[in-house]
Amino acid sequence: MTSFLRSRTQSVKIFDALSSVIAVNSGVPQGSVLGPILFLLYVNDIVDICSGLSVSCKLYADNVKLYSSYSVK
């Protein structure tokens, strides 16, 4: 499991242009068998973390929405 999540990198290709490679420090690898399971483990904790803050959290499929309200005086 550690080798699956460690030392990951990413780059972006648009037509023939390729960006430089950067390290990926968080998130879940896409396109893998373990991806959906790891995503569920990763996102389920975010609801608990947000419960003590003034942030509301909505989860739907593979999306997470965090929002907060405030008033201007």
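How many bridges join strand β5 to strand β6, and in which direction do the two strands run? Five bridges join β5 (residues 56-60) to β6 (residues 63-67), and the two strands run antiparallel; two strands are taken to pair if DSSP finds at least two bridges between them. This is a predicted model, in which local features need pLDDT of at least 70 and side-chain atom pairs count only at pLDDT 80 or more, while totals for chains, interfaces and linings use all residues. Residues are numbered from 1 along each chain as its sequence is written, and side-chain values use heavy atoms, with hydrogens and water left out.

**Overall layout**

- The protein chain has two helices and six strands, where helices (H or I, at least four residues) and strands (E, at least two) are DSSP runs numbered from the N terminus.
- Read from the N terminus on, the elements follow the order α-β-β-β-β-α-β-β.
- The radius of gyration of the protein chain is 17 Å, whereas a compact globule of 73 residues would have one near 11 Å; the radius is taken over C-alpha atoms, and the globule rule is 2.2 Å times the number of residues to the power 0.38.
- Taken along the principal axes, the box filled by the C-alpha atoms of the protein chain is roughly 50 × 30 × 20 Å.
- Of the 73 residues in the protein chain, 12% are buried, with buried meaning under 20% relative accessible area, exposed over 50%, and partly exposed in between (1.4 Å probe, protein chains only).
- Among the contacts of the protein chain with a separation of 6 or more, 15% come from residues 24 or more positions apart, a contact being heavy atoms within 4.5 Å.
- The accessible surface of the protein chain comes to about 6,600 Å², and 58% of that surface belongs to carbon and sulfur atoms; accessible areas come from the Shrake-Rupley method with a 1.4 Å probe, and for residues only the protein chains shown count as cover.

**Helix α2**

- Helix α2 (residues 35-50) has 16 residues and should span 22 Å at 1.5 Å a residue, which agrees with the 23 Å between its end C-alpha atoms; the expected span is 1.5 Å times one less than the number of residues.
- Gly35, Leu38, Val43 and Cys50 are the buried residues of α2.
- Seen down the axis of α2, these buried residues fall within an arc of 120°, so they line one face of the helix; the arc is that of the directions from the helix axis to the C-beta atoms.
- An α-helix has 3.6 residues a turn, so residues three or four places apart point the same way.
- On the other side of α2, the residues Ile37, Leu41 and Asp48 are exposed.
- The cover over the buried residues of α2 includes α1 (2-5), β5 and β6.

**The β5-β6 hairpin**

- Two residues lie between the strands of this hairpin, and Ala61 there takes a positive phi near 50°.
- Lys58 has Lys65 as its bridge partner in β6, while Leu59, which is found in strand β5, has Val64 as its bridge partner in β6.
- Leu59 is partly exposed, with a relative accessible area of 40%.
- Leaving aside its neighbours within four places in sequence, Leu59 is in contact with Val43, Ile46, Val47 and Val64.

- Ser26 lies in the loop between β4 (22-24) and α2, and at 49% relative accessibility Ser26 counts as partly exposed.
- Leaving aside its neighbours within four places in sequence, Ser26 is in contact with Arg8 and Tyr42.
- From C-alpha to C-alpha, Ser26 is 8.7 Å from Leu5, with the two 21 residues apart in sequence, and Ser26 is 18 Å from Leu59, with those two 33 residues apart in sequence.

**Positive phi in two other loops**

- Most residues other than glycine have a negative phi, and most peptide bonds are trans.
- Ser7, although not a glycine, has a positive phi of about 60°; Ser7 lies in the loop between α1 and β1 (8-10) and is exposed, with a relative accessible area of 69%.
- Phe15, also not a glycine, has a positive phi of about 55°; its place is in the loop between β2 (13-14) and β3 (17-18), and at 74% relative accessibility Phe15 counts as exposed.
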